[in-house]
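Visitor: I have the sequence and the model open, and I would like to understand the words used for them. Could you take me through some of these words with care?

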There are 2 protein chains.
Amino acid sequence: MKLDDIKKLQQKKYRNEFQHFLVEGEHLVLELQKAAQHNPALNQSELLVTEAYENWASPFKTTLISSKQMAQVSDTKTPQGILAVTPFFSLAQTAASQERAIYLHEIQDPGNLGTILRSLAWFGGFRCLLSAGSVDPYNTKVVRASMGAIFHVPLELDVDIHSLGTRFHAIACLDMQGKPLRDAQFRQCDCYVFGNEARGVPHEDLATLKAQAFTIPGSGAIESLNLASAVNLCVYELTR
Amino acid sequence: MKLDDIKKLQQKKYRNEFQHFLVEGEHLVLELQKAAQHNPALNQSELLVTEAYENWASPFKTTLISSKQMAQVSDTKTPQGILAVTPFFSLAQTAASQERAIYLHEIQDPGNLGTILRSLAWFGGFRCLLSAGSVDPYNTKVVRASMGAIFHVPLELDVDIHSLGTRFHAIACLDMQGKPLRDAQFRQCDCYVFGNEARGVPHEDLATLKAQAFTIPGSGAIESLNLASAVNLCVYELTR
């Protein structure tokens with residue numbers, strides 16, 4: 001891919017057009033290379049390096065560029081000097097019966113989504129569904145916060161919340177009034193719905209889905225947990 | 001306090017000198033006002049507002065300033081127009097026997113610390129100890145990420161890791177090899193040690209403390225959980 005086009009991958013519009021995204025920095029590229037061992041699609045990644053990484057061992061097609069060129073394509077202020085251009089990929093399905101879905105409705109914060117992907121990859125056995133209007137998971141900030149987890153979690157984009165009712169047999173959501181997470185019914189659901197950081201999920205949608213409400217019991221000192229923390233606790237409880 | 005001095009509170013050095021910190025934005029000021037009902041020290045806060053917040057109801061001494069002045073004292077690019085200057089405060093002790101300590105060794109990321117404080121406040125019954133070299137909890141980014149939790153969690157700064165051994169009877173840490181969190185012994189500790197995002201805690205310090213190792217069982221797909229996620233899960237397990 002030409003440098004001019006690679007630079008454009010900082011924007012969602014062009015990521016979708018070219019079906020590629022940026023993976024920047026030593027740690028993320030290492031995670032990508034490890035993941036590529038089990039996912040041939042990722043082997044189509046191309047690597048751009050500056051002199052500092054001239055001797056970097058990689059199975060990918062590698063191009064040496066100048067620091068000035070790197071600064072142009074990179075999203076960061078002080079680029080490390082190593083950046084991969086990676087094709088959109090799909091992940092092998094887990095047996096559907098062993099998999100649970102985490103549905104995120106209009107999640108906005110890239111750090112939250114990255115942290116959630118990291119928890120889903122850590123525990124395993126989860127698929128991440130994103131509504132339209134959510135932050136793009138191929139956004140460089142999400143990729144960075146995911147610390148490589150993005151290469152391991154099956155993702156679906158633009159999933160309509162109304163489609164969940166026909167696809168899943170039991171849907172759970174978090175609410176102030178609900179059964180505690182440790183209730184046995186929590187584990188019997190196959191889809192878990194979480195809302196936008198500020199607005200949550202519209203109540204009428206939850207009612208239509210007949211979502212069962214669960215609560216993370218708290219002291220009452222503050223209004224809410226961080227969204228990524230809430231997802232994280234649910235995922236832990238499900239794999240405990 | 002003079003505007004020139006208030007502006008300086010963006011820096012740790014001056015926060016320590018003046019023993020005050022900044023609480024910016026409508027949501028945080030509301031949380032501060034709620035917390036002040038139970039903590040008279042917080043009532044010594046002073047409020048600065050622009051015309052947009054001229055009619056804001058507050059028990060604090062309130063000063064109207066211009067948008068230009070607000071831009072000078074604010075940490076954000078587009079200030080909302082409401083900012084409190086709050087004295088350092090202490091929180092009433094929980095009975096020590098009912099309280100557990102979370103020790104953070106050289107934590108760096110303000111978002112992580114804010115998120116951790118939010119979890120500790122949510123569940124209640126925790127004290128947060130920070131080592132020297134940790135991010136300052138009165139940093140505006142931490143205060144913002146805490147969403148007001150900072151007003152509810154007892155904090156101790158510059159706590160030496162070696163002092164934990166005499167102060168606590170059983171210390172826990174996370175490690176790749178350890179008993180699972182749900183093991184009964186995990187709850188029997190009274191201090192939980194977590195390390196820097198990249199480097200963890202020095203192994204020799206953990207050995208000296210005779211820290212018991214526990215593990216958050218995972219799939220093995222990625223190397224680590226986010227630090228705030230790990231603390232969050234431990235705190236959940238302890239209050240489950």
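**Strands, copies and a buried residue**

Guide: In chain B, strand β2 (residues 46-49) runs parallel to β3(B), and four bridges join the two. The model is a predicted one, in which local features need pLDDT of at least 70, side-chain atom pairs count only at pLDDT 80 or more, and totals for chains, interfaces and linings use all residues. Residues are numbered from 1 along each chain as its sequence is written, while chains are lettered from A and ligands numbered from 1 in the order in which they are written.

Visitor: How do you know that β2 and β3 of chain B pair?

Guide: Two strands pair if DSSP finds at least two bridges between them, and four bridges join β2(B) to β3(B), so they pair. Within these strands, B:V49 stands opposite B:L64.

Visitor: What makes β1 and β3 of chain B stand at the edges?

Guide: The open sheet has the order β1-β4-β2-β3 (chain B), with mixed pairing. β1 (20-24) and β3 (61-64) of chain B each have a single partner strand, so one side of each is left without a neighbour in the sheet.

Visitor: Why is A:R144 called buried?

Guide: A residue is buried if 20 or more other C-beta atoms lie within 10 Å of its own, exposed if 12 or fewer, and partly exposed in between, with C-beta atoms placed from the backbone. A:R144 has 21 other C-beta atoms within 10 Å, and therefore it is buried. A:R144 lies in helix α6 (residues 140-146) of chain A, a helix being a DSSP run of H or I with at least four residues and a strand a run of E with at least two, numbered from the N terminus.
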